[in-house]
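Reader: I am new to this structure and would like a close look at a single part of it, described with care. Please take the place where two of the chains touch, and then say what lies around it in the description.

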Amino acid sequence: MIRYLLSRMAHALLLVIGVSLLAFLFTTLAPGNYFDEMRLNPQIAPETLSALRAHYQLDRPLPIRYVSWVNSVLHGQMGFSFAYNSPVAPLLLVRAKNTLLLTITATLLAWAIALPLGVWSAERLGRFPDHVISWSTAILLVIPDLALALGLLVLTVRTGWFPTGGMASVDFESLSSLNKIRDLAMHMTLPVAALVLSALPLLVRHVRASVADVLHAPFLLAAEGHGIPRRTLLYRYALPAAANPLLSLFGFSIGALLSGSLLIEVVMSWPGLGPFLLEAILARDIYVVIGGVLFSTIFLATGNLLADMLLYWVDPRIRAESASR
Amino acid sequence: MEPILKVENLVKRYAKRNFVGMPQDFLALDGVSFTVSAGTTLAIVGESGSGKSTLASCIACLETPTAGNLWFEGRNLIQVAESDLRKIRPQIQLIFSDPASSLNPRWKILEILIEPLILQGRLSRKERNTHAFSLLERVGLSSDIVERPSSELSGGQRQRLAIARALTLDPKLLILDEALSALDCSVQAQIANLLLELQSSLAMTFLFITHDLTMAAHLADEIAVMSQGRIVEQGPSTKILRNPGQEATRQLLAAVPRLPHATFPATQQ
Amino acid sequence: MSRWRKVAPWLLVLAVLHGIVVCAGFFAPYDPIEQDRKNPYLPPMRLHFVDTHKHLHLRPFVYAFTLRPGSFDQYMEDTSHPLPLKFFVAGDRYRLLGLLPARLHLFGADNERIYLLGSDAFGRDQLSRLLFGGQVSLLAGLLGAGFTLLIGWCIGAAAGYYGGWRDDLLMRVAELFLALPWLYLLFAIRAFLPLAVNPLQAFFLIVAVIAAVGWARPARLVRGIVLSAKERDFVRAARGFGASDVYLLRRHILPETSSVLLTQTAILIPQYVLAEMTLSFLGLGVPEPVPSWGNLLSNLQQYSVLVSYWWMYLPALIMVPFFLGYLGLASALQESPGAYKIERRSLGSLA
C-alpha cells in the first residue's frame, strides 16, 4: 500500500515538474514581453526599459531563469508579477480562494444531484422516467457553457432576481454578518448554477451508465435472489462495483476545481483565478501565467492521486493487482 | 532416418519488470529437447503453464529462443539469416487454439485464404483463387461461403478454414497448438479425422500440442510429456500410456475420467 | 451495416446544417461587413402575414422601424411602412464556395434593409453575420479536429506498435498534455503568439493551437487499440506468412482503429468549434470585422448591451442544433449505446 502510494506520488511530482518546464518553455520562448507596451510610450526612455528588463532578469538565458524561478517557488513566492509589483503567490492564493468557493460548492451540489438521479435512472432503464432524464441531459449537453452562462445573465438582467456580477455588493462591509452571508450567497447563485448545469448532464450520464452496467450483472441477480432488500443492494453491492469509473470521474472533478470555471468567472465577473490569468495573459505578465498554470496542474495531479488512492481503498481488484507484482 | 525436426536444449526467458521496477525473469522453456520423424505425429502433452504455447511459437519461428538449437530438415533455424528464414517459415505452419482470433473477423474468407500466397508472391490472381477453392474442398467447406466475412463461421468451420489457410503454402510441418480445445466434442472428432486423412494423403508431419491425453492417444504415434518447461518423458504412445515412467505423466493419466472396468482406448496403429 | 441506418439520419441533418453555412452568401441577405450607421441596435423585425386592415397576405412582410417619439434608441414598428419580402432577389455580390461570383440571395426587400435578427452597433445585419460567422467557426473546428486526429493517430499508432522506450516517452508526453488544463493552455499559447495579426493569420494560428492541445486523448485511445491488435493471433499468423511491419499495420492493425477515430471525430468537432468561439469571445481569436460566432457575442460583456439589446444573445444558441447533430452522430457511431465510458483505471497501465 505504501509503495503504491509513494510511486503514485512520485509520478504526480514528475508530472508537475514536467508541466512547469513546458509552461516555462511556452511562455518565455514566445515573442514579446511585459515591457513592450511601454516601448510605445515616447516618454519612457529606452535606458529605463533596459534597466527594468535587467532588474527582472529578462535578459538572462533560459535555464538560469528557470532555476531562479524554481528557487522562488521553493521559497513560496512563485516568481514576480510585473503588473502588480508583488510576488505571485499571494496574488494567486487570494484569487484561488474565490474560485474554490465557487467550484467546491458547484461540485458538491452537482454530485449530490447526479448520484441519486443517475442511480434512479439506471434502475428504471429504458422506461419512461429514464427517457425523461436522458432527454433532459441531452438538451443540457447540447447547450454550450458559453450560451448557458450568457443566457442566465440575460435572464437575470431582465428579472433583476440576482446580482449580475461580482462577488460582493458595494456596501458589503457595512452589512451584518448574516447579511454578509446572504449577500455572498446571492452573488454566488448565478455562477454556481451555470457550473452545475454544465457539469450535470455528463455526470448523470456516466453514473447511469456505470450503475446500469452493474445492475444487470449476474452477481447482483444472485444477491437479489437471496432476498437482500433493494436499498442495500443498490448502495452496498451495486455502487461499490460501479465505483471504478465513477472514482476516476470524481478525480477529474477534483482536478478541475481550479481550471474548470475560467469561462464562467469571466462572463460573470467573479473575481477568481480565471479573469486574473486572462488579464495576465493579455498583459504578458509571464510569471503570473506560469504560476497559475502550475497551480491548476497541481490540483489536477492531486485529483488524480486522490482518485487512485480512493480506488485502491475501494476496489479489491486493484489491491490484488498491486500485490501480485 | 534423419528426423525432420530436432529440438535441442531450447531455452526461452522473458524479461519482465515487476511493480517497483526490478527485473523479474520468467523462464518459459528450460532446456527442451525432442525429435520428430517425418510423416508421423508427435503429441506434446502437459498441463497449463508448462510452456507448450511458447514452444509452438518458437518452432514456428514467431519468437526467438534465448538459447538452444532448432534443426529443421538438417538446417539450424537459429543460425539461419532472416532472408532465408522468410523462405523456410512457410514450411512450418501453426494452427492456433482460438479459432475466433486467428482469423481477421472483418476479412472475407477468400481474402484470408489467398493472403499467404500474396505475401509470398506466388501464383497469378486466377491461380490463387483456384487454389483457394480446391483447399476449401479439401477441408470439407463448401465454396459458396467465400464472399462471407469470417465472423459468420462457426468454431468448427473456422478451424477448418485455419487449416486450409495453413495448407496454402504446402507446409511440411503443421503445429497444432491446442487446436481442438475450443471446439465441441463432436466437432473435435470431425476435425481430428480430417487431420488424420490429410496426414495420410499429404504425408505431413504433425506436432500436436494438447492437454487432452485421450485425444493425443487417438492421434499420435509418439507422446512427449512436458512439465515446467522441460520434456520429462518421450516414447511411443502405447508405451507411455501403459507404463508411465514419470510422476508428471502419471498425474496426467490419473486426471482422465474413466468408467470402472473400461480399458484405455486403443491407440492408433 | 445496420449501423449505417442509425448513422444516416444524423449525417443528413449535419449535411443540411453545414450546407446552409457553406452557402451563406445565398442564404444571407446582406454582406456581413456592410454597415448602416443610421440603424444601430435595431431589434429583430417580426414577420407578418396579416396587416393592420386584417387582410391576409401570402407574401410575408415586415414593418420598417421608426424611432419612438421622445426616445433616441427605442424603436417601434411603423405600420405605414410595410416591406414585403421578395424571394430569390439580386443583392450584394458574393462568391459561392469562395470561387463562383454570384448575386442571388434567398430573400431581400427593395431599397430598404430587413433585419430579421436585428442589427449591431454599426448597423450590420446580425443574420448575415451569423451565417458568415459560421463559415469561420465551423471551418476552424473541422480543420482543428482533423489535424488533431491526424497527429493523435500517428503518434498513438507508433507508440502502440513499436512499444518499448518510444511508447513510454510518447505516452509520458501525452500525459503532460492531458494534465494541463486545456483552456489555460489554449489561451496561453494563443496569447503568447503575436496578438495583432490579420484575420487570416489569426485563423490559422487558432487552428494550429487548438490542434496542438488536443492530440493526447485520441493518441492514447489509438495506442490502446494498436497494442491489443498487435497481439491478436491473426496478426501473428500473417507474420508467419512473411508479412512486413508496414503490411501488418496497413491491412490488419490500423483498420481496427477506424471505429474509434470516427467517434472521436464526432466528439471533437463540436468541442473545437466551441474552443474557437471561446477564444474569439474573449478577444483572442478572429478579430473584427470578420465575423465568427464567438466575436458576435463579445459585446455581451458590456452591461449596457446585456440590459437593452437582448437579441445580441441569439447567436449563442446557433451551436445547439450543430451540437445536437454531432452528439447524435457520436451516439450512433458507438458500439455500446449510451454515454461513452471513462477508461477504467488499473495499476501500471498508462490508460
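Author: The model is a predicted one, and in it 17 residues of chain B are in contact with 13 residues of chain C. On the side of chain B that touches chain C, α3 (99-102) and α4 (109-120) of chain B each supply at least two residues, and α4(B) gives the most, with four residues. Sorted by class, this side of chain B has eight nonpolar, five charged and four polar residues.

Turning to chain C, one finds an open sheet of three strands in the order β1-β2-β3 (chain C), with antiparallel pairing. Its edge strands are β1 (48-50) and β3 (75-84) of chain C, each of which pairs on one side only, and neighbouring strands of this sheet are turned by 50° against each other on average, direction ignored. Between β1(C) and strand β2 (residues 56-67) of chain C, which run antiparallel, there are two bridges, and V50(C) stands opposite L56(C) in β2(C).

As for the core, the largest nonpolar one has 241 residues, and those that touch the most other members are A149(A), L150(A), I59(B), I95(B), I175(B), L207(B) and F208(B). Helix α14 (residues 286-314) of chain A gives the most to this core, with 15 residues. To follow one member in detail, I59(B) is in contact with V7(B), L70(B), I92(B), I175(B) and L207(B), once its neighbours within four places in sequence are left aside.

Notes. Residues are numbered from 1 along each chain as its sequence is written. Chains are lettered from A and ligands numbered from 1 in the order in which they are written. This is a predicted model: local features need pLDDT of at least 70, side-chain atom pairs count only at pLDDT 80 or more; totals for chains, interfaces and linings use all residues. Two residues are in contact if their C-beta atoms, placed from the backbone, lie within 7 Å. Ala, Val, Leu, Ile, Met, Phe, Trp, Tyr, Cys and Pro count as nonpolar, Asp, Glu, Lys and Arg as charged, and the others, Gly among them, as polar. A nonpolar core is a set of buried Ala, Val, Leu, Ile, Met, Phe, Trp, Tyr and Cys residues joined through C-beta atoms within 7 Å. A residue is buried if 20 or more other C-beta atoms lie within 10 Å of its own, exposed if 12 or fewer, and partly exposed in between; C-beta atoms are placed from the backbone. Two strands pair if DSSP finds at least two bridges between them. Axes are lines fitted to C-alpha atoms, for helices over the stretch in contact, and angles run from 0 to 180 degrees between N-to-C directions.
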